[in-house]
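Trainee: I would like to go through the labels on this model and ask what each one rests on.
Mentor: Go ahead.

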Amino acid sequence: MHPSLAPHLHGDCLEIIQQLHRCHEQHPVGKFLGECNDIKRALNRCLKEEDLRKRRRNQEDAKRRRKTLQDLCSEKQE
């Protein structure tokens, strides 16, 4: 299962999302029989990479905020 495929949430994967939607429209029954599986796998890879990038960015932001807070605390103690 993947997260919401709203276009504004996944800019990097937008093209693959559109391909998957087109495939589902063109193959209403075939989508249940594996017709769109290759596109689905590509989308899963793209969403995973996007998630990893977000996690790394959040980690870096947290480290930066933690350091700022530590610096403020050490200044007040002095």
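**Labels and their cut-offs**

Mentor: Cys36 is buried, with a relative accessible area of 4%. Some ground rules: this is a predicted model, where local features need pLDDT of at least 70, side-chain atom pairs count only at pLDDT 80 or more, and totals for chains, interfaces and linings use all residues. Residues are numbered from 1 along each chain as its sequence is written, and side-chain values use heavy atoms, with hydrogens and water left out.

Trainee: Why is Cys36 called buried?

Mentor: Buried means under 20% relative accessible area, exposed over 50%, and partly exposed in between, with a 1.4 Å probe and protein chains only. Cys36 has 4%, so the label is buried. Cys23, at 6%, is buried by that rule too.

Trainee: What makes Cys23 and Cys36 a disulfide?

Mentor: The term requires a pair of cysteine sulfur atoms within 2.5 Å. Here the S to S distance is 2.0 Å, so Cys23 and Cys36 qualify. Cys23 lies in helix α1 and Cys36 in the loop between α1 and α2, so the pair ties together parts that are 13 residues apart in sequence. Helices are DSSP runs (H or I, at least four residues), numbered from the N terminus.

Trainee: How many disulfides are there by this rule?

Mentor: Two. Cys13 and Cys46 are also joined, with S to S at 2.0 Å. That pair links distant parts of the chain, with Cys13 in the segment before α1 and Cys46 in helix α2, 33 residues apart.

Trainee: Which accessibility labels do Asp12 and Arg53 get?

Mentor: Asp12 is at 53%, over the 50% limit, and therefore counts as exposed. Arg53 is at 37%, so the label is partly exposed.

Trainee: What separates Asp51 and Arg55 in helix α2?

Mentor: About one helical turn, because Asp51 and Arg55 are four residues apart in helix α2. Their closest N and O atoms are 2.8 Å apart, in a salt bridge.

Trainee: Is Leu33 buried or exposed?

Mentor: Leu33 is at 72%, so Leu33 is exposed. Leu33 lies in the loop between α1 (14-26) and α2 (37-77).

How values were computed
Helices (H or I, at least four residues) and strands (E, at least two) are DSSP runs, numbered from the N terminus. A salt bridge is a side-chain nitrogen of Lys or Arg within 4 Å of a carboxyl oxygen of Asp or Glu.
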